[in-house]
Amino acid sequence: MLDVLLVGNPNSGKTTLFNALTKSNEHIGNWHGVTVENKEKIFVFGAEEIRLIDTPGIYSLCPLSFEEKVAVEKIESGAYDKIINLCDQNNLQRNLYLTLCLIEKGCDVVLAINEMDKKPIFKVDCKKLSEQLGINVVSINAEKRINLEELNKCLTKTCNAHKLPYLSKLSGDFGQFSGENDYFKIKAYEKDSTFFEKHNLDVQKIFASVPKDSMQMLSKWRYDFVSQLLSTCAKRTNQTYGKSKFDTVALNKWLAFPIFFLLLAGIFYLTFFSLGAFLSNLLGDLLQVLTKPMLTFLEKSFSSSWIFDLFNVAIFGGVGTVLSFLPQIVLLFLFLSILEDSGYMSRIAFLFEDIFGKIGLSGKSIYTLLMGFGCSTTAIMTARNMDDKNAKRKTAILCPYMSCSAKIPIYTVIGGAFFGANNIFCIMGLYVLGVIVAIIISKILDKTVLKSQTQTFILEFPPYRMTSPKRIGKILWQNVKIFLTKVGSVMICMNIIVWILSSFSFSFSYVQNEGGTSMLETIGKIFSPIFAPIGLDNWAIVAALLSGLVAKEVVVSSIALFNGIDASATKLISQSVLLPTSLVYFASKASVLSFLTFCLLYTPCIASVSMLLQEIGKKWTAICIAIQLLTAYIVAFVVYNITLAFEVFGFGSVCVALFTLCVVVVAILTIIRKTRKGKCCANCSTCGAKCKK
Amino acid sequence: MITLDKAKRTKTYKIVGFQNAQNVQVGVLRRFFELGFETGEKIKMLSTSLQRKVFLIEIRGYLLSVRTSLLACVQVEIC
């Protein structure tokens, strides 16, 4: 077995190549830091078994962010036979910098130059480059799978890289390590303290032995050598990589934010109300046609009523309700993927750095948070591309506040039943509320336990790219597969469990026929007093919320199990699909809003919690869950009582009361600010609380 | 001579040196070198964010957005 590492600059197409070689379907995107952990898969080439390990993107062997550390540690470990160094043909100068770092370390490198565009910036003579470096160089196209066989052949060949000429310039008194290889000296020149600390060496002594500007010297030598290489082996056009005329509009200070928010509103409108709703209704009709004859057959086959109920209620009713939302969920993922592929994400990160800096986050957090609208579990992991530990923790903690796709059925079914056509405002309001709560929580965390250190926002702008029809097909298929697997495994299991608990009493008598109180009703009634202040003192709602801890889709299917939803209903989503019996679960519209708010903000699904555990540890996951439960309860309480006040006292009176409250709060804050001003700066009467004098 | 954080939009600058700056760690300076910041190299200022906290620059034929405060360690002169 040949162990091969796939190494390269961020966004050079490593995962695309990994997918092409191993026939996998790993997540890709036009953003720096899509891959945040090592991924491996075995493939066969000829008689050789090759274990290919995809690593996160790096610029050198000195990591700056968490995901870079993962890749560098793997390279430093030496637990591999060969390295495929993938270089983006359009940014060859900087990509070859990493190639030199790998050769300096003594790695057995195969250089693969990825042709990503029809009109590349560099035209390379691979043969000449191979002669100059003494390694195998092959030109490939990872996306179109061109020349991959040639690359595989190179993996079985052995090459000895030429000694890089500038290494003879390394000078300094390295004492007992003078005889060590050049890599040790290079690390001293790079002032990589982590490397020496790992080897228990005196960092200060070693650093004192190299020239003061050693880092600059070494990088200059490397770039000079790369320039020399490219002058003989490549031709360059005058294009700038990543530059586009569209940026004058996309980054315009007046247009940038309206464009972004319009785009987001467009995505949500298409997902929830036009295309998404149409496709959902279509699927609902199809499911009805398919399930009806099956149910008739089951009814005739089983004399026992509970077996028929199990299929009718738990499987066709519960799961069917959620299944009809497949188009909407898949559409949301498709739009997010197109956004991710377009290269616009880096522009958004650039725009949001100002705002996010104020709440202790990095502009890069926008990627994680936007991905959170799709699935919190996968989004949390992307927080690794932060350089600051606290910013990473905060981003991961805030991610579940972005309403994930699993909550779509809750909003559309429950909200649609009570607000009809106005549900569009309810859903938009919930999304905005999630963002507002996340901002407030971030600000609080930044001022208290998770103060941000100076963050290093350095982000490359990739070129704009169109998503190919083939890729759109792949995204759709991948997400359909994930959703159906989830429905076929977790959802069916959970629905059967919830159905058993809601249909049998503790003495295992079937409550539908024999009467009595079901297990779930008993449990729900224990917890329901806790939810009374937020208007949810009904055992069925409490039970649905508890089952939602496993997966959020189960909330709706649980209510369906309690005979709340007509699973065969195929009306427009703006109309009610709730059966009249379920209306008693919610005392008023205030209760519904409170329920939706609680669902938006409370603890995410079990998969997200386990991802949080992996990324931020036990302590912060526990804190995160506590914050989420507390926030959900408080915000739901506020929403419930304000809505109730609107219902009882009328719109005008409540608005006047809220306005008065705002005036009082502003007045109190002004007084506090003025008092602090005096304390802050005794010698200055003109400055504010944040005096810098 | 100014530091790059004081640079103006659409102007092209030449790097003349590097200095120690507050809040700029060794790792960040090393990253600048890795990304191609080098004495004599030309940098074009393309755009800034609303509050000038991030600069979009062109260096060595590609685009890079960098937090302004980090650029205080790069000394430049106008071309």
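**Exercise 1. Which residues make a nonpolar surface patch of about 590 Å²?**

Solution. This is a predicted model, in which local features need pLDDT of at least 70, side-chain atom pairs count only at pLDDT 80 or more, and totals for chains, interfaces and linings use all residues. Residues are numbered from 1 along each chain as its sequence is written, chains are lettered from A and ligands numbered from 1 in the order in which they are written, and side-chain values use heavy atoms, with hydrogens and water left out.

Step 1. Apply the patch rule: residues need over 30% relative accessible area and no salt bridge, with like charges joined within 9 Å and nonpolar side chains (Val, Leu, Ile, Met, Phe, Trp, Tyr) within 5 Å. Accessible areas come from the Shrake-Rupley method with a 1.4 Å probe, and for residues only the protein chains shown count as cover.

Step 2. List the members: Leu658(A), Leu661(A), Val664(A), Val665(A), Ile668(A), Leu669(A) and Ile672(A).

Step 3. Ile672(A) lies in helix 29 of chain A; helices (H or I, at least four residues) and strands (E, at least two) are DSSP runs numbered from the N terminus. Ile672(A) counts as partly exposed because its relative accessibility is 43%, given that buried means under 20% relative accessible area, exposed over 50%, and partly exposed in between (1.4 Å probe, protein chains only).

**Exercise 2. Find the residues of the positive surface patch and the elements that supply them.**

Solution. Step 1. A charge is placed at NZ of Lys, CZ of Arg, CG of Asp or CD of Glu.

Step 1. The patch consists of Lys358(A), Lys443(A), Lys447(A), Lys451(A), Arg673(A), Arg676(A) and Lys53(B).

Step 2. In chain A, helix 20 (423-447) and helix 29 (651-680) each give at least two residues to the positive patch. Lys53(B) sits in the loop between strand 3 (42-48) and strand 4 (54-59) of chain B. With a relative accessible area of 36%, Lys53(B) is partly exposed.

**Exercise 3. Give the strand order of the seven-stranded open sheet and follow its pairings.**

Solution. Step 1. Two strands pair if DSSP finds at least two bridges between them. Under this rule the order is 9(A)-5(B)-4(B)-3(B)-2(B)-6(B)-1(B), with antiparallel pairing. The edges are strand 9 (458-460) of chain A and strand 1 of chain B, each of which pairs on one side only.

Step 1. Three bridges connect strand 9 of chain A with strand 5 (residues 62-67) of chain B in the antiparallel sense. Here Glu460(A) is opposite Leu64(B), and Leu459(A) is opposite Ser65(B).

Step 2. Move to the next pair. Strand 4 and strand 5 of chain B run antiparallel and are joined by six bridges; Glu58(B) has Leu63(B) as its bridge partner. The two strands form a hairpin with two residues between them, and Arg60(B) in the turn has a positive phi of about 50°.

Step 3. Check the cover of strand 5 of chain B. Six of its six residues are buried, so the strand is largely enclosed by the rest of the structure. Tyr62(B), Leu64(B) and Val66(B) lie on one side, Leu63(B), Ser65(B) and Arg67(B) on the other.

Step 4. Strand 2 (residues 12-18) of chain B pairs antiparallel with strand 6 of chain B over five bridges, and Phe18(B) faces Val74(B). Strand 1 (residues 2-3) of chain B is joined antiparallel to strand 6 (residues 74-78) of chain B by two bridges, with Thr3(B) partnered by Gln75(B).

**Exercise 4. Count the salt bridges over all chains and describe buried examples.**

Solution. Step 1. A salt bridge needs a side-chain nitrogen of Lys or Arg within 4 Å of a carboxyl oxygen of Asp or Glu. The count over all chains is 26.

Step 1. Arg222(A) bridges to Glu104(A), with the closest N and O atoms 2.7 Å apart. The pair links distant parts of the chain, helix 9 (residues 214-233) and helix 3 (residues 92-105) of chain A, across 118 residues. Arg222(A) and Glu104(A) are both buried.

Step 2. Arg471(A) bridges to Asp341(A) at 2.5 Å between the closest N and O atoms, and both residues are buried. Shared partners join Glu104(A), Lys187(A), Glu190(A), Asp192(A) and Arg222(A) into one network of salt bridges.

How values were computed:
Lys, Arg positive; Asp, Glu negative; His and termini not counted.
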